Amino acid sequence: MSKVRIGVIGCGGRARSHMDALRRHEDAEIVAVADVLEPAARAAGERLGVPFYTDHRELLRRDDLDAAVLSVPVFAHGQVDLDVIGRGLPFLVEKPVARQMATARQIAAALRGAGLWAAVGYQLRYEPGVRQAKAFLQGRTVSVVEGHYWCATSHVGAWHNDWERSGGQLVEQATHTVDLMRHLVGDITEVYSRQASRIVKGITSPDSYTVSVRFADGALGALTTSWAHDAGDWSHANILHVVLDGCLLRVDGRGAHVLPEGKAALPEVPVVGIYDAFVDGVRSGKPSQVLGTYDDAVATLAVSLAANESARTGRPVVVADAVGA
Ligand SMILES: NC(=O)c1ccc[n+]([C@@H]2O[C@H](COP(=O)([O-])OP(=O)(O)OC[C@H]3O[C@@H](n4cnc5c(N)ncnc54)[C@H](O)[C@@H]3O)[C@@H](O)[C@H]2O)c1
């Protein structure tokens, strides 16, 4: 294989980052794009100088594809993912992998049945600081984990904060923080969530969330998320504090840090970015650098949906019970 030839499905805001990264990648080439909205498909096609389609099935009929990128809204997952699998392509899919567990499970089963794999857009897993944190936490006992994702929602009127279409902040956005918690500390088995609409008007999702969590090994955690913060300040998104025996691990946008400073050193780790991992997986046929399976992303989705169920019922819930084991 010379360059990995990729078709991009969904040409919205997030897809632009994928397109920019992949067009710069020396081993990748975007050969076509698709979006149900003609202006979005056209703009992306013209920008990249490649054919564009308004139906992903037309794109998939091309015979020059090695892989796909799916960057569609949360509610749009299902048939499009199944069609990519039916075409026999590995793909990079944006998080969260679906709005409903049944859809996510159907796609996971189709992937297994086809012997294919997918990388999921939990790009924080690939960050140097997160890799260091992961290595540092190996073999250490966690007392408590505190996570938060405080920002504004800049999409009033769009699908992103429409409860039916996105699942709200825990499903659509703070899924990154949930995934970091699972990636670094382990599976989450129980959740208890409270959710409220306090400040942001004109959206159908709550703007304020708390989630108390219990990890499989007994560690405890708390996650708070909000859409009521300042629109220009992203410095409080995806922050984690992990309390250990005699020290604290903080993970933020600048990396990982052990506190008090000098108490322990973080290990050196090899770093491979998400696009390198994906392209290498397609070229080699083995996604050995891809961090997290599709099933892993389904498990992250399950935690957010279980938290929503907990808030709806006002009760703590066992994740497996809430989403159907
Ligand atoms: N990893 C990250 O950091 C990150 C950041 C932002 C968004 N996202 C995720 O990326 C995904 C897309 O979000 P966005 O902000 O780009 O949304 P968006 O609404 O800007 O773009 C989505 C595009 O998909 C198109 N689309 C919908 N159904 C389609 C279909 N069946 N076939 C082809 N195109 C279709 C829409 O017309 C739209 O142009 C979401 O899952 C979101 O959660 C991830």
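Predicted model: local features only at pLDDT ≥ 70, side-chain atom pairs only at ≥ 80, totals over all residues.

Student: What is the order of the open sheet of eight strands?

Tutor: The order is 13-12-11-7-10-9-8-14, with mixed pairing. Strands are DSSP runs (E, at least two residues), numbered from the N terminus, and two of them pair if DSSP finds at least two bridges between them.

Student: Which strands stand at the edges?

Tutor: Strand 13 (255-259) and strand 14 (317-318) do; each has a single partner strand, so one side of each lacks a neighbour in the sheet.

Student: How do strand 8 and strand 9 pair, parallel or antiparallel?

Tutor: Strand 8 (residues 188-196) and strand 9 (residues 208-215) are antiparallel, over eight bridges. Glu190 has Arg214 in strand 9 as its bridge partner.

Student: Turning to strand 1, which strand is joined to it?

Tutor: Strand 2 (residues 28-34) runs parallel to strand 1, joined by six bridges. Ile6 stands opposite Ile30 of strand 2.

Student: Why is strand 1 largely enclosed?

Tutor: Five of the six residues of strand 1 (residues 4-9) are buried, so the rest of the structure largely encloses it. Buried means under 20% relative accessible area, exposed over 50%, and partly exposed in between (1.4 Å probe, protein chains only).

Student: And Val144, where does it lie?

Tutor: Val144 lies in strand 7 (residues 144-150), and it counts as partly exposed because its relative accessibility is 34%.

Key
Residues numbered from 1 in each chain as written. Heavy atoms only, no water. Helix = DSSP H or I, 4+ residues; strand = E, 2+ residues; numbered from the N terminus.
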